[in-house]
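Reader: Can you walk me through this structure? I'd like to start with the aromatic side chains.

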Amino acid sequence: MGDGERVGADTPQASPQEASKQAGAGEEQVDRAQQEGARAKAAEKQEKAEAGAAGHGAEPRGKRTDDGQATYLIAIAEALWEEMERDERVFLLGEDIGVYGGAFKVTEGFIDHFGPHRVMDTPIAEETIIGMSVGAAMEGMRPVAELQYADFITCGFDELVATAGKYHYRSGVPLPFVVRGPSGGGVRASAFHSQNPEPWFAHAPGLKVICPAFPTDAKGLLKAAIRDDNPCVFFEHKWIYRRIKENVPEDPDFTIPIGRADVKREGDDVSIMTYGAMVHKALEAADELAERDVSAEIVDLRTIFPLDKEAILESVAKTSRVLVLYESLKFLGVGSEVSAIIAEEAFESLDAPVMRLAPPDTPVPFSPPLEDAFLPQVDDIIDAVDKLSKW
């Protein structure tokens with residue numbers, strides 16, 4: 001007889017009541033473990049989906065919910081599809097947008113419907129993609145170029161800035177095309193896949209620069225950009241792609257005018273001027289500030305160039321305190337121009353200095369804790385508003 005058998009033989013037998021109690025406790029532990037396991041799997045699935053949204057291997061684009069809600073990703077896809085159906089001059093070109101359906105699955109299924117002559121897979125050569133777009137637009141087509149990441153738009157900088165931005169001014173001939181670029185951080189995609197390059201192009205005459213924060217805005221502004229006779233740079237924040245849903249208009253003629261900001265939340269005590277993913281951080285902070293009886297107005301710029309000066313100045317006149325929140329680097333970022341406009345044209349309305357909140361002038365970190373420290377967070381916004389309120 002082994003030691004294990006002797007121990008078992010010497011162990012007193014439990015009563016039926018105790019045995020039942022022990023069995024119930026065991027079942028409870030199993031149930032708890034199963035629930036924890038299910039939660040862990042759900043969290044892992046969400047983490048994978050969000051990681052996939054940062055590049056190749058992304059999950060299918062999906063479709064609207066039963067009550068008509070669409071993600072930012074779906075809204076952009078609808079805008080492209082509707083404009084291609086409306087105008088045969090509209091065509092798409094970019095890396096892996098055809099057979100693969102795009103790095104983020106925006107154009108999934110497009111090649112099957114429109115064919116390879118209107119959904120063109122290209123080599124990994126951004127300067128060629130933008131150069132082809134410029135040439136096609138010169139000939140009356142309306143190309144929409146997709147870059148897998150906005151960071152690599154620098155490879156086509158000369159074609160976009162030196163040629164596209166100046167062509168209409170120099171020749172009088174319209175140059176209608178759109179460059180789409182997934183931009184921004186918060187998805188653990190490292191310094192080479194997380195930049196916000198919009199200030200570079202806002203400084204280039206002849207280009208319109210658009211950075212929507214919501215699915216409805218993304219759809220309406222992209223459709224307006226495709227119909228515009230000027231080159232437009234359209235930045236889509238990756239963090240928003242699959243996270244934000246809303247009821248998006250299905251009218252194929254729905255557009256949003258380029259150059260108009262939108263007040264996402266009315267307030268009286270402080271204005272938070274922002275755009276892109278930071279709009280959602282600002283709205284979350286506004287909820288917490290409301291619990292402290294601080295009323296924050298959230299102004300979503302939506303378009304970086306042209307800026308809606310009227311909306312900016314109107315909000316400043318209302319609240320007298322301003323926080324300019326942005327994800328492009330602080331030095332010479334978009335917020336620098338917004339701050340200058342307020343200082344020059346709304347100084348008499350101010351009860352406190354204009355405050356900027358933006359990332360430091362370093363590359364975007366890959367480490368999750370460092371990236372979180374790099375990007376403005378809700379607590380940072382609340383702290384900044386607290387400082388403003390002391391004036």
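**Aromatic pairs and a helix contact**

Author: Trp81 counts as partly exposed, at 28% relative accessibility. Buried means under 20% relative accessible area, exposed over 50%, and partly exposed in between (1.4 Å probe, protein chains only). This is a predicted model: local features need pLDDT of at least 70, side-chain atom pairs pLDDT 80 or more, while totals for chains, interfaces and linings use all residues. Residues are numbered from 1 along each chain as its sequence is written, and side-chain values use heavy atoms, without hydrogens and water.

Reader: Is Phe110 buried or exposed?

Author: Phe110 is buried, with a relative accessible area of 1%.

Reader: How many aromatic pairs are there?

Author: The count comes to 9 aromatic pairs. Rings of Phe, Tyr and Trp (its six-membered ring) pair if their centres lie within 6.5 Å; planes under 30 degrees apart are stacked, over 60 edge-to-face, the rest tilted. Trp81 and Phe110 form an edge-to-face pair, 5.0 Å centre to centre, with 85 degrees between the planes. Trp81 lies in helix α3 and Phe110 in helix α4, so the pair ties together parts 29 residues apart in sequence. Helices here are DSSP runs (H or I, at least four residues), numbered from the N terminus.

Reader: Which residues form a ring cluster?

Author: Tyr72, Phe104, Tyr149 and Tyr241 are linked into a cluster by ring pairs.

Reader: New topic. Which residues of α13 meet α9?

Author: Val378, Ile381, Ile382 and Val385 in α13 do. From α9, the residues include Lys281 and Leu289. Contact means heavy atoms within 4.5 Å.

Notes:
Helices (H or I, at least four residues) and strands (E, at least two) are DSSP runs, numbered from the N terminus.
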